[in-house]
Each structure stands twice: as structure tokens, then as C-alpha cells.
Amino acid sequence: MTLVQVFETIWESFQSKDSVLQPMWDYVRLNHSETLRSPLFPVILTVASYFVLCLPYLVCDIMAVAQWIWRPPVPLPEQAPTLLELAGGVTGSLLLFDLQYFIWHFLHHKIRWLYVTFHAIHHNYSAPFALATQCLSGWELVTVGFWTTLNPILLRCHLLTTWMFMVVHVYVSVEDHCGYDFPWSTSRLIPFGVYGGPSKHDVHHQKPNTNFAPHFSHWDKLFGTHADFSFAKTQ
């Protein structure tokens with residue numbers, strides 16, 4: 001009996017009063033009786049099921065540490081970067097990340113399945129605080145980590161510049177979620193409203209269809225998703 005015949009028989013059984021499972025049972029009983037009768041079959045079935053069911057979660061674990069695999073240890077350069085090179089590399093990496101995350105963030109708010117599946121956890125808080133910075137799904141953590149690691153490579157940054165970018169990126173991400181608009185906030189130190197900072201992202205958590213860019217303001221202004229940076233009052 002072929003599988004096609006099995007499915008045809010299942011359909012016929014479904015239309016009759018016979019058990020829907022009877023054709024499938026007849027198929028395995030008649031074609032694989034020696035395997036099914038073996039005392040080892042329950043053990044094999046259990047162990048095989050365990051590894052198959054663990055596989056999706058193992059894939060997630062592997063993705064979480066993927067950057068350790070695809071970027072092996074690198075030699076330490078003898079020469080340090082100049083201050084201009086360091087500042088330019090950090091700024092360039094932040095600007096590139098801003099574009100990447102703006103696109104990612106915009107799509108995850110506009111496509112409901114992406115939002116519910118991956119991004120909704122980050123919006124459990126309408127008023128963010130510092131520890132909410134890493135309140136992310138595994139997929140989002142992997143994506144952010146991938147860009148953070150890749151961007152300095154694309155821009156051919158010095159290793160010291162790469163490390164400084166990672167520290168600065170963590171700082172501005174935490175500051176974006178801190179909920180405080182201090183006089184020394186980055187958004188106040190950078191003129192002309194170029195940088196959004198905590199007030200910009202606070203508004204995003206209260207008005208989720210605005211202010212998608214994580215740090216700077218130019219992409220939201222260009223695509224019409226910009227909202228005023230002043231703190232929005234809760235109703």
C-alpha cells in the first residue's frame with residue numbers, strides 16, 4: 001500500500017464510520033511490523049522525538065552565538081587609531097545601525113505577524129526604563145548583535161574603534177530607554193534636533209507608529225513618521 005493509497009483510504013474512512021486512524025495503523029502494522037514489535041522501538045521513538053523536538057531551540061541557541069563562529073579571533077593592530085578615525089568610525093557605525101534598525105523596526109510595526117511574534121514584548125512598557133533596553137525577543141537580540149558586530153567590519157574600523165562603538169551603542173541604547181531627559185542627555189548635547197535620545201524613544205513607546213529610528217531623527221522626518229520629542233503625557 002502506497003502513501004497515496006493510505007491517504008485515500010483515510011479520506012474514505014473519514015466519510016464512513018470507521019476510525020480515521022485505521023488505515024494509517026494498517027499501513028505501519030503490515031509494512032513495519034518487525035520494527036514496531038522490537039523492544040527497542042519505544043526507546044528509539046522516545047530518543048528520536050527528544051532530539052527532533054529540541055532542534056528548533058538548538059537552532060535559536062546557535063544563532064545567539066553565531067557571531068563567535070563567523071568572526072574568529074583577530075590579531076591586535078600595532079598602531080592605535082587617531083582620535084578622528086575613532087570618532088568617525090563610531091559615528092559611521094551608529095548611522096549605519098540607525099538605518100538598519102529603522103527598516104527592521106518599521107516593518108515589525110507594520111506587519112502584524114512580525115510585531116506579535118517578535119517585537120511586541122518590547123512594548124510591554126508604555127513608559128520605558130533602563131532595564132527595558134534588553135527586553136527583547138531572541139530574534140531581535142540576534143539581529144541587533146549581528147549588525148553591531150558587522151558594521152565596524154564593513155567600515156573597516158580599527159579594533160579599538162569597534163570596541164568603542166559597542167560601548168557607545170550600549171550607552172545610547174540605555175539612555176534612549178531611561179525615561180529621563182537630563183541636561184547632559186545626548187539629544188541636548190547634539191544641536192539642531194539631529195539626535196532624538198530618551199524623549200524621542202519615550203514618545204515611540206506611547207505612540208508606537210512614530211519615531212522608528214533608534215537614535216537619530218532624519219529617517220523619521222524623511223518618511224513622515226517623526227513625532228515631537230517632548231515627553232508625551234499619559235492619559
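Phe-182 counts as partly exposed because its relative accessibility is 33%, where partly exposed covers the range between buried, under 20% relative accessible area, and exposed, over 50% (1.4 Å probe, protein chains only). The model is predicted, so local features need pLDDT of at least 70 and side-chain atom pairs count only at pLDDT 80 or more, while totals for chains, interfaces and linings use all residues. Residues are numbered from 1 along each chain as its sequence is written, and side-chain values use heavy atoms, with hydrogens and water left out.

**Overall make-up**

- The protein has twelve helices and zero strands, both taken as DSSP runs numbered from the N terminus (helices H or I, at least four residues; strands E, at least two).
- Of its 235 residues, 34% count as buried, and the protein exposes about 15300 Å², of which carbon and sulfur atoms supply 70%, by the Shrake-Rupley method with a 1.4 Å probe.
- Among contacts (heavy atoms within 4.5 Å) between residues at least 6 apart in sequence, 59% join residues at least 24 apart.

**Aromatic pairs**

- A search of the whole structure finds 13 aromatic pairs, meaning rings of Phe, Tyr and Trp (its six-membered ring) with centres within 6.5 Å, which count as stacked when the planes are under 30 degrees apart, as edge-to-face when over 60 and as tilted otherwise.
- One of these is the stacked pair of Tyr-180 and Phe-182, with 5.3 Å from centre to centre and 15 degrees between the planes.
- Tyr-195 and Phe-216 form an edge-to-face pair, because their ring centres are 5.4 Å apart and their planes stand at 90 degrees.
- This pair links distant parts of the chain, 21 residues apart: Tyr-195 lies in the loop between α10 (186-189) and α11 (197-206), and Phe-216 in the loop between α11 and α12 (218-222).
- Tyr-195 is buried, with a relative accessible area of 3%, and Phe-216 is buried as well, at 9%.
- Ring pairs also join Phe-102, Phe-106, Phe-212, Trp-219 and Phe-223 into a cluster.

**Helices α8 and α9**

- The axes of α8 (residues 138-154) and α9 (residues 159-177) come within 9 Å and cross at roughly 145 degrees, where axes are lines fitted to C-alpha atoms over the stretch in contact and angles run from 0 to 180 degrees between N-to-C directions.
- Where they meet, Val-144, Thr-148, Thr-149 and Pro-152 in α8 face Thr-162, Phe-165, Met-166 and His-169 in α9.
- The residues of this contact divide into four nonpolar, four polar and no charged, with Ala, Val, Leu, Ile, Met, Phe, Trp, Tyr, Cys and Pro counted as nonpolar, Asp, Glu, Lys and Arg as charged, and the others, Gly among them, as polar.

- Thr-186 has its place in helix α10 and counts as buried because its relative accessibility is 15%.
- Leaving aside neighbours within four places in sequence, Thr-186 is in contact with Tyr-171, Val-172, Glu-175 and Tyr-195.
- Helix α11 is mostly covered, with nine of its ten residues buried, among them Lys-200, His-201, Asp-202 and His-204.
- The cover over the buried residues of α11 includes α6 (83-110), α9, α10 and α12.

**His-105 in α6**

- His-105 is found in helix α6 and counts as buried, because its relative accessibility is 1%.
- Beyond its neighbours within four places in sequence, His-105 is in contact with His-119, His-123, His-204 and Phe-212.
- The C-alpha atoms of His-105 and Tyr-115, ten residues apart along the chain, are separated by 9.1 Å.
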